[in-house]
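Subject: Structure handover

Hello,

Here is the structure to look through. My notes on it follow below.

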Amino acid sequence: MQRHHVGRRALLAGAAVTFAVRRLRAQPASKPRVTVISQWSSGSSGAAMMALGKVFEQQGGVWEHNPVPGFTTEMMNKLRAQIIAGDPPAASQLKGPEIAAWSKIAPVVDLDAMVQQAGYETVVPAELAKLSKPHGHWIALPIQAYRINTLFISKKAADQVGVTKLPATWAEFNAIAGKMKAAGITPIANGGIRWDDGMKWEIALCGISLDAYRKMLTELDEKTLKGAEVLAAFRQCRKLADWSDPGIASQDYTTFVPRFMKGEMGMLLMGDWAAGIYKRGGFKVSDYIVGPAPADDGKIAFDLNSDEFMFWQKPQPEFQEGQKLLAKIVMGKEFGPLFCQITGSIPVRTDTDLSAEGFNDQQREASHSMGEAARANRVVLSLAHNMAQTNQITAAMIDVLTEFVHDNRITPEEGQKRLVAAVDNVR
Amino acid sequence: MPSRVTLSRVAIHATLIAFAAFFLVPLVVVALNSLRSTEDIAHGGVIGLPHELMWSNFSGTWSGYCIAQHCDGIQPYFWNSMRMVIPATIISTLLGALNGYSLSLWRFRGDTIVFGIMTLGVFLPEQMRLVPWVIVLRDLNLFNTISGLVLIHIVQGLSFTTLFCRNYYVSVPQDLLKAARIDGAGYFRIFWRIVLPLSPPILIVTVIWQFTGIWNEYLYGVTFSSGEHQPITAALIALSARLSDAPQYGEQSAAVLLAAAPTLLVYLFGGRYFLRGLTAGAVK
Amino acid sequence: MPHLVIWPPILVSCAYVLLFSAWTIWVSFTRSTLMPDYSWAGWRNYSSMLATRNWHIAYTNLFIYGTCFVVFTMALGLLLAVLIDQRIRAENIYRAIFLYPLAVSFVVTGTVWGWLLNPSIGIQKLMHDIGWTSFRFEWLIDQDMAIYTVVIAGVWQASGFAMALLLAGLRSVDADLLKAAQIDGAGPARTYLRVVFPTIGPIFIAVLVMLLQFAIKTYDLVVALTAGGPGLASTLPTVVVYDFMFQRSELARGSAAAVMLLGSLAFVLVPYGLYRMWQQRKARAHA
């Protein structure tokens with residue numbers, strides 16, 4: 001008798017649960033969903049993605065972020081694997097000419113309608129818009145921007161040699177470096193890994209002649225490649241290499257942060273994300289002086305690095321809704337403050353209000369610089385961070401540059417010759 | 001009764017101790033660093049004594065570190081690795097034993113060539129196998145699953161396990177087999193009754209080898225899994241890839257020790273059997 | 001009935017090796033860049049790869065690193081095996097110490113040795129801090145010596161394995177042979193050289209094969225230790241393959257590099273294969 005009772009109750013309970021479960025399971029299928037692949041698994045970038053995810057879920061979506069630990073190559077591996085397997089993510093982090101290259105291998109979403117509705121194109125710098133619509137249609141949305149040609153000077157080191165403001169030209173820079181060297185300070189606090197080496201060279205060229213930079217890197221113009229400005233850039237780069245710590249090979253610049261702050265190392269030529277690293281390391285803004293890197297012609301120059309979300313076509317309606325929702329959030333005015341206050345980057349929209357407390361002065365100055373440079377057509381794309389050319393061409397050039405930096409037996413003339421040969425090989 | 005050659009005892013011990021130091025230095029450095037704070041290491045160099053014991057490095061890494069949107073530390077990835085490594089090790093060992101048994105005791109035409117091909121698999125660099133595996137897993141509908149990873153490690157491990165087992169089984173006395181066959185025993189009977197009982201030494205060697213190899217494998221683990229299903233190697237890389245943070249030496253060292261604990265324990269307790277297995281004629 | 005069990009694992013194993021190699025060889029003759037693309041490109045990828053500095057440096061490094069790694073690991077393994085064979089009381093402890101590096105992943109080995117050998121934060125700094133300021137060990141950042149730091153890390157990692165195999169071999173030498181040698185009045189060195197080592201000849205070969213495949217496949221170790229640097233000085237063929245295939249999205253050129261790497265393996269493997277066949281024929285003749 002008892003058994004009967006329990007049996008029926010159990011049956012009822014089971015049925016109720018099944019009903020409830022089925023109901024619950026039905027719900028997520030209609031919510032906008034998005035799967036995102038990026039390389040931002042930890043640190044401040046990871047935290048920023050978490051914040052974005054929270055906003056996405058608050059607006060009713062289901063957020064699934066699958067970061068790939070490692071660097072960009074591992075992330076691209078994963079993306080490639082997913083695409084071959086027929087299951088691309090709804091959104092993936094990509095940048096520069098890679099957006100154009102990857103868009104040819106699998107269908108992407110046309111965002112023109114959404115962009116127009118949001119009036120987005122007018123508030124985004126032209127260079128970024130160009131990258132996002134390689135074939136004339138918007139297929140990617142910029143997330144954040146960084147300025148590569150930024151100069152940081154350690155306050156302690158600056159005080160030791162009597163420097164109070166940033167050098168405006170390379171000549172002034174070299175003078176300061178000479179003073180630091182004489183005082184026993186290592187003038188350059190850069191690291192020695194591939195992209196850092198490429199960056200030193202590109203910041204040099206950017207400051208020497210923005211036009212030469214643009215011609216050479218965007219058009220791979222042979223005459224400019226063999227010209228005087230490029231040679232001058234190699235010479236400046238050789239000076240930078242000589243002024244660095246001899247043990248920089250394979251070291252990331254972040255390992256030198258403590259010495260930089262102590263005043264044992266003087267100047268860092270780095271993208272402005274370094275400010276974020278300093279902040280997370282517990283250092284104050286007063287510990288360093290920051291501003292644009294030297295520019296010989298005295299005019300404003302902005303060497304741009306940025307990340308974008310690219311949207312892959314998915315047949316399921318919940319993904320399509322999810323992509324629309326994500327696009328709306330990313331294009332919105334609040335996205336810049338949300339994301340960039342955490343990562344220390346520059347919001348993409350030139351009309352963003354940066355007076356909020358979460359932003360620091362360096363971000364404000366850089367953002368202002370970006371707006372101005374955009375208006376004056378003085379924005380160029382970074383070589384070392386894969387913005388100016390595809391990975392193939394960039395890597396070939398950086399091969400030459402990294403060998404040049406670490407081997408002072410290679411003369412600037414020889415370096416230039418090798419660069420010309422490398423570009424010819426991959427053209 | 002001295003039946004072995006002897007050298008001067010002092011020289012022997014001195015040399016052994018010197019090399020032991022060389023071998024131990026990295027372990028000691030990592031162990032010390034796991035108890036130091038990151039600032040301390042960044043300022044004072046990688047080799048040094050802790051000023052205060054930062055046990056928080058361990059607890060933070062194990063259960064608190066944030067990877068993607070999960071702030072559960074490396075613990076979930078640890079168990080993911082276990083879920084992947086244990087089945088892969090067991091299955092690849094068993095299949096390797098069967099393969100080795102087939103190739104060594106059941107000769108057929110071309111078996112040397114077949115063995116040669118399988119041994120070649122040991123030399124293939126993993127980079128060139130990545131895209132083909134993507135294609136294979138896609139066609140088998142196993143992409144992005146732990147089963148897919150297990151399959152990859154089984155198939156790749158077969159090259160090693162077959163190599164080990166086959167070289168071991170060739171030394172099984174032919175008389176035993178002949179007698180069994182006269183008695184009417186077939187393939188399975190002989191395996192079960194004769195070969196398997198003789199196998200523990202080589203099986204232990206193979207299990208240790210496979211466990212370590214699969215546990216420490218990085219490239220496939222990262223590419224063929226995602227999010228919270230990734231193995232521990234992915235979590236280690238997340239800790240050390242310096243994208244937006246200065247290097248976290250202290251936490252990294254603690255994570256390294258935690259991640260290496262299973263394999264270290266395997267060699268600590270199984271080292272004796274590893275050696276015994278090799279001594280029992282594993283290699284010819 | 002047994003056929004159902006015998007054949008599948010063997011077939012899968014062989015198919016995997018043959019098909020994957022064939023696919024790579026095929027792709028190396030195509031125009032694949034970001035994705036596999038099966039249009040014909042002839043020998044272009046090979047000539048292009050052979051013309052890049054990355055490949056030249058990597059290939060030269062493979063010889064340097066491969067030879068040094070195999071020789072030193074074998075030597076150290078042999079030395080340790082002989083020493084432990086001397087009936088050491090603390091054998092268990094020594095065995096654990098020499099074997100544990102095998103438990104550590106290549107990435108960790110490379111990272112930790114990268115810390116130790118770095119002049120600014122590692123051993124050199126320690127020496128300077130305790131007063132020995134003239135101590136110099138800057139191989140890691142030296143163009144010509146960086147590859148040898150990879151040798152150091154590799155020898156550290158693999159010697160235990162060589163030691164284990166060789167010790168197993170030493171222990172399997174017939175006791176009667178040794179007694180006979182002793183009766184003849186041979187000293188320790190003579191006994192080892194004339195009696196023991198020749199007997200365990202096949203084990204040397206087996207260790208050689210295992211070390212060789214370690215050396216060829218070295219990737220994580222060098223990336224974690226030197227990142228291929230300074231510049232390109234310590235790059236290896238596997239690094240070039242990965243770099244071209246995945247970083248530069250040039251699947252075809254990377255595959256060509258992989259094929260060339262494996263092709264050079266043939267120079268070692270073919271003689272070894274012939275040796276094994278000769279050995280087996282000898283064994284069968286005796287049996």
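A:Asp245 is buried, at 8% relative accessibility. Buried means under 20% relative accessible area, exposed means over 50%, and partly exposed lies in between (1.4 Å probe, protein chains only). A:Asp245 forms a salt bridge with A:Arg259, with the closest N and O atoms 2.8 Å apart. A salt bridge here is a side-chain nitrogen of Lys or Arg within 4 Å of a carboxyl oxygen of Asp or Glu. A:Asp245 sits in the loop between helix 12 (228–242) and helix 13 (257–262) of chain A, and A:Arg259 in helix 13, 14 residues apart. Helices (H or I, at least four residues) are DSSP runs, numbered from the N terminus. A:Arg259 is partly exposed, at 22% relative accessibility.

A word on the source. This is a predicted model: local features need pLDDT of at least 70, side-chain atom pairs count only at pLDDT 80 or more, and totals for chains, interfaces and linings use all residues. Residues are numbered from 1 along each chain as its sequence is written, chains are lettered from A and ligands numbered from 1 in the order in which they are written, and side-chain values use heavy atoms, with hydrogens and water left out.

A:Glu264 is partly exposed, with 36% relative accessibility.

Now look at A:Asp399 and A:Arg194. Their side chains form a salt bridge of 2.8 Å, N to O. A:Asp399 lies in helix 18 (residues 391–406) of chain A and A:Arg194 in helix 9 (residues 194–208) of chain A, so the pair ties together parts 205 residues apart in sequence. A:Asp399 is buried, at 6% relative accessible area. A:Arg194 is partly exposed, at 26%.

A network of salt bridges links A:Glu403, A:Glu414, A:Lys417, A:Arg418 and C:Arg53. Over all chains, the count is 30 salt bridges.

Chains B and C

How many salt bridges are there between chain C and chain B? The count is zero. Yet 99 residues of chain C are in contact with 89 residues of chain B. Contact means heavy atoms within 4.5 Å. The area buried between these two chains is about 8,400 Å², and carbon and sulfur atoms give 76% of that. Buried area is the accessible area (1.4 Å probe) that two parts lose on being put together, summed over both. On the chain C side, C:Tyr16, C:Phe20 and C:Trp115 lose the most area to chain B, together 9% of what that side buries.

Cysteines

A disulfide is a pair of cysteine sulfur atoms within 2.5 Å. By this rule, there are zero disulfides over all chains. C:Cys14 is buried, at 10% relative accessible area. A:Cys340 is buried too, at 0%.

One more residue

B:Leu94 lies in helix 4 (residues 75–105) of chain B. B:Leu94 is partly exposed, at 49% relative accessibility.

Best wishes

Technical notes. Helix = DSSP H or I, 4+ residues; strand = E, 2+ residues; numbered from the N terminus.
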